[in-house]
Amino acid sequence: MCNLQIRINGQQAFFVSERIMSRYCGKLRKIIKQEKRRTQIRGSEIEIDDFPGGADGFEQIARFCYNNGSIDISVSNASLLYCCAMFLDMSDRVFTHNLLNQTEVFLEGIFYWSWYEILTVLKNCEPFICFALSCGLIQKLLSSLVAKIVHKTDAAHVKSVSSSFSTSSPDTSLSFTSPSLLKSSSSKKAVCSWWYQDMTTLSPRIIEQFLRTLGSYGSENNNLIVTKFLLHYLKNAHHSDGKGLRCCDATEYAGLADTTVHGVVLIGKTSFSCRSLFWVLRITSGFGVSHELRAKLEMLIGGMLDQATLDDLLVCGGGNRNGVYDVNLVLRLARLFANHHEKPSLEAMRRVGFLIDMYLIEIGPDPNLKTSKFLGVAESLPDHARSSFDQVYRAVDIYLQSHPWLSEEERSRVCRCLNYEKLSLEACKDLAKSPRIPPRIAVQALASQHPSLQLKRFVHHS
């Protein structure tokens, strides 16, 4: 007789037999007694919130109870049944060989499971991740997963203080220590990365716990293999739906982005080229990386800017009124390079000067590029970074051509970044004939090419 109505998580209601369900569920038995004491009515309705797995989970429990304490346990339902059994106190104290005991016995064989079976169980925990974390199930699964990685890469040793699966305290389940986990030579990199793609199916919450298991979360990350995995994971997350992440999704990855950048900054020049660092910046920027860590990454890139290419600098700026490219980023990087604690050589400075000139030519046609930004980039390097200002003039001409609405005063201001003495004669002639250059600027440029002209003007005025 179905004399009890149970509403799960404020949604679906189940009509069940009070006697059958309370026979196996200690917590349910307790709730029913409390409800009867409160209402003095038999056959009342009770509500259960935060039930693991929601209605699907409770349906599995009902099947177990109505089937005289028997249900097929497999990789596909083990995590759900275990968490439900924990939640409802379906222990042997309530009924002999209860569901909790049955799932524990099944989970004791975890270290004999295949890699994909462990991944499947972890993936199945995601709908009730909070409860799976609190009862120690996630930690046990991750410890087993890491053991699989270590075994195949032959890079660390797993130490287990207990092989039993305790129901009373998560702390007495598997303990994992791996101070040198996944350290490898370059010849083993391909072997060490075999698990990257498989792990991209897991949620950021589980990946965060995975990193904590390794002792590599946040500022503790000093592992190259883990850092490269995180870069692979974040890249996959960003492109998984072809549209990128929603803002609310991106915040879930912020801790992983910070962990990634910390690892990159710590390892630095020894493992990442300048181009790779720009790629890291592009990947992590969309995941809310902290300002402090982004600044450290930019400082690292700034110190290597002489190794960059024009393609590296062309970072998207969001379009519309923000401009096509992220000019502020390049401005910061150029200043970081010029003011680097290791004074750049003249050759390195000239390489960056040429790079910035090419960048100015590229961004000049952008109608949304403000004069202050254009000048900021053009003047971000000292004068000796350029042996010639011909390319700067070319960029100025392109900018003025693309911004015909500028007043003569504003056009004169744009020309401020030119060193007329470092312009070739051909560039000066072109400048003098250009209708976009204010006449006063043309005279100054020509005068710098012909000092004798200045003397004649002085004599004439005298």
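Let's start where two helices touch: Trp115, Ile118, Leu119, Val121 and Leu122 in helix H6 meet Ile138, Leu141, Leu142, Ser144, Leu145, Lys148 and Ile149 in helix H8. Sorted by class, this contact of H6 with H8 holds 10 nonpolar residues, one polar residue and one charged residue. Keep in mind as you look around that this is a predicted model.

Now step back and look at how the two helices lie against each other. H6 covers residues 115-124 and H8 covers residues 137-153; they pack at an angle of about 155°, and their axes are 10 Å apart. Because angles over 145 degrees count as roughly antiparallel, H6 is roughly antiparallel to H8. Their crossing is left-handed.

Next, let's turn to the aromatic rings. How many aromatic pairs does a search of the whole structure find? The search finds 17. A pair of aromatic rings is described by the distance of the centres and the angle of the planes. Take Phe229 and Tyr233 as an example: this pair is tilted, with 6.0 Å from centre to centre and 45° between the planes. Both residues sit in helix H12 (residues 224-239), and because they are four residues apart there, about one helical turn separates Phe229 from Tyr233. Are these two residues buried or exposed? Phe229 is buried, and Tyr233 is buried too.

Tyr233 also takes part in a pair with Tyr253, again a tilted one, at 6.1 Å centre to centre and with 40° between the planes. Here the pair links distant parts of the chain: Tyr233 belongs to helix H12, while Tyr253 lies 20 residues away, in the loop between helix H13 (247-250) and helix H14 (254-267). Like Tyr233, Tyr253 is buried.

Ring pairs join Phe229, Tyr233 and Tyr253 with Trp195, Tyr196, Phe210 and Phe287 into a cluster.

Finally, let's zoom out to the whole protein chain. What does its secondary structure come to? There are 25 helices and three strands, so H6, H8 and H12 are among the helices you can look for. The chain has 462 residues, and 49% of them are buried. Contacts also reach across the sequence: among those between residues at least 6 apart, 71% join residues at least 24 apart.

Terms used:
Residues are numbered from 1 along each chain as its sequence is written. This is a predicted model: local features need pLDDT of at least 70, side-chain atom pairs count only at pLDDT 80 or more; totals for chains, interfaces and linings use all residues. Side-chain values use heavy atoms; hydrogens and water are left out. Axes are lines fitted to C-alpha atoms, for helices over the stretch in contact, and angles run from 0 to 180 degrees between N-to-C directions. Angles under 35 degrees count as roughly parallel, over 145 as roughly antiparallel, 65 to 115 as roughly perpendicular and the rest as oblique. A crossing is left-handed if the near helix is turned anticlockwise from the far one by less than a right angle, and right-handed if clockwise. Contact means heavy atoms within 4.5 Å. Ala, Val, Leu, Ile, Met, Phe, Trp, Tyr, Cys and Pro count as nonpolar, Asp, Glu, Lys and Arg as charged, and the others, Gly among them, as polar. Rings of Phe, Tyr and Trp (its six-membered ring) pair if their centres lie within 6.5 Å; planes under 30 degrees apart count as stacked, over 60 as edge-to-face and the rest as tilted. Buried means under 20% relative accessible area, exposed over 50%, partly exposed in between (1.4 Å probe, protein chains only).
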